Amino acid sequence: MSKGCIIAAVIGAVIVGVLLIGFFIYQSTYNTIITMDENVKAKFGNVQAQYQRRADLIPNLVEVVKGYAAHERGTLEAVVQARAQATQTKVDLNSAESLKQFQAAKGSLSQALSRLMVVVENYPDLKANQNFLDLQAQLEGTENRIKQARTDYNEAVQGYNSYTRKFIVNIFFG
């Protein structure tokens, strides 16, 4: 074998090696992005599940309050309407407008619930009702779960965004 052939074979092997290393780095980076993207979607699913749990508690809460605060009809109707709007709002994680609508609907429901709790303060018998106390405890627990789920979601999005905006990743996948 001639010296030129050996050099060509070594150069060819080096090129193939570099290409293989590049391919494995590319594949690993792509797989990481996909995994992080799926994690973001799962975390948002957890947020939605907690909001749904809260929405499912509201009809029971409204029914208990109705018995004590029948003349607070406007507040009760506002809660029911806000719940209906919140549960009908669908979200697309790739649309900023869709996310804004989703957050607005959930925010309206939170405000309506806050107004309901202010009304409850005027009814000491209601505050002592065991069904109300149980529902209130469940609602408070759900609010804590929503907060935690939102925190987890925000952390997942931050990690995803940080990773995908890195120089090399952004060059290949940006």
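The largest pocket in this predicted model holds about 160 Å³ of space. A pocket here is an open set of points on a 1 Å grid over the protein atoms alone, where a 1.4 Å probe fits, with protein on both sides within 12 Å along at least five of seven lines. Its volume is the space filled by probe spheres set on the points, which are joined across faces, edges and corners. Helix 1 (3–68) and helix 5 (130–164) are the elements that each give two or more residues to the lining, meaning residues with an atom within 4 Å of a point. Helix 5 gives the largest share, four residues. Among the lining residues you'll find Asp37, Lys41, Tyr153 and Asn161.

Now follow helix 1. It has 66 residues and reaches 98 Å from first C-alpha to last, close to the 98 Å expected, where the expected span is 1.5 Å times one less than the number of residues. Helices are DSSP runs (H or I, at least four residues), and strands (E) need at least two.

Step back and the protein has six helices and zero strands. Its C-alpha trace spans about 100 × 30 × 20 Å along the principal axes.

A few ground rules: residues are numbered from 1 along each chain as its sequence is written, and side-chain values use heavy atoms, leaving out hydrogens and water. Local features need pLDDT of at least 70, side-chain atom pairs count only at pLDDT 80 or more, and totals for chains, interfaces and linings use all residues.
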